[in-house]
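Colleague: I'd like to learn how to read the features of a model like this one. Could you walk me through it?

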Amino acid sequence: MSESKGVLQGFKEFLMRGNVIELAVAVVVGAAFTNIVNAVVKGVINPIIGALGSQNLDNYKACLTTCTVDKKTGTFTDGIYILWGSVLSSALTFLITAAVVYFLMILPMNKWKERQAARKPAEDSPLAPTEVELLTEIRDALIAQRIPAPSTPSATSGSIGTQKTHE
């Protein structure tokens, strides 16, 4: 029983992670957004491209071998043909979807994150010493210069003496 409780608890933790919830929201929004993009492609892009020919890009085909066309319906009945119009339509749908997602979702989110990061003080950098700490260090250095260290009294005087003799 405790093992099943552990498994269920682990599954609950997995579901409650931010990444899983964000992914679920992204899938739902993406599915809803697909309808908008498809409508734009079919209602705006296809007619613009269709100004050159058919408004339905699926009608654009190329025949690799001798193809026969049914004169009543206008469809290919025999031969091998490539549906390059449907590929073009799908590519346009993808590009429009990617552009809208980038410019309306990713770019504003990145700018918002940059602004949030700029407002947040850098925690990794060491804090600058305060005036009191600097003054304490200066005082300690001055005291150390006045009172020679007990282990090297001759070294200090010897170096001063050598400097005077060279002058």
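Predicted model: local features only at pLDDT ≥ 70, side-chain atom pairs only at ≥ 80, totals over all residues.

Colleague: Let's start with the fold. How many helices and strands does the chain have?

Modeller: The chain has 5 helices and 4 strands. Along the sequence they follow the pattern α-α-β-β-β-β-α-α-α.

Colleague: What share of the residues counts as buried?

Modeller: A residue is called buried when its relative accessible area is under 20%. Here 8% of the 167 residues of the chain fall in that class. The accessible surface of the chain comes to about 14,000 Å², with 65% of it belonging to carbon and sulfur atoms.

Colleague: And what share of the contacts joins residues at least 24 apart?

Modeller: If you take contacts in the chain between residues at least 6 apart in sequence, 37% join residues at least 24 apart.

Colleague: Back to the surface. Which residues form the nonpolar patch?

Modeller: The members are F11, F14, L15, M16, I21, V25, V29, Y102, F103, L104, M105 and I106, with about 1,100 Å² of accessible area together. α1 (2-16), α2 (18-50) and α3 (84-119) each supply at least two of the patch residues. α3 gives the most, with 5 residues.

Colleague: Take V29 as an example. Is V29 buried, partly exposed or exposed?

Modeller: V29 lies in helix α2. Its relative accessible area is 39%, so V29 is partly exposed. Patch members need over 30% relative accessible area, which means that V29 clears that cut-off.

Colleague: Now the pocket. What is the volume of the largest pocket, and which residues line it?

Modeller: The volume is about 360 Å³. The lining consists of E22, V25, A26, V29, G30, F33, T34, T97, V101, M105, I106 and M109. Both α2 and α3 supply at least two residues of this lining, and α2 gives the most, with 7 residues. Notice that V29 is listed in the pocket lining as well as in the nonpolar patch.

Colleague: Last topic: charges. How many salt bridges does the structure hold?

Modeller: Side chains of opposite charge can pair when their charged atoms come close. This structure holds 1 salt bridge. It joins the side chains of D140 and R139, at 3.2 Å from N to O.

Colleague: How exposed are these two partners?

Modeller: D140 counts as partly exposed because its relative accessibility is 40%. R139 is partly exposed too, with a relative accessible area of 47%.

How values were computed
Residues numbered from 1 in each chain as written. Heavy atoms only, no water. Patch = residues over 30% accessible without salt bridge, like charges linked within 9 Å, V, L, I, M, F, W, Y side chains within 5 Å. Areas by Shrake-Rupley, 256 points an atom, 1.4 Å probe, with all protein chains shown as cover. Salt bridge = Lys/Arg side-chain N within 4 Å of Asp/Glu carboxyl O. Buried < 20%, exposed > 50% of the residue type's maximum accessible area, 1.4 Å probe, protein only. Contact = heavy atoms within 4.5 Å. 1 Å grid on protein atoms, 1.4 Å probe; cavity = no way out; pocket = protein on both sides within 12 Å on 5 of 7 lines; lining within 4 Å. Points joined across faces, edges and corners; volume = space filled by probe spheres on them.
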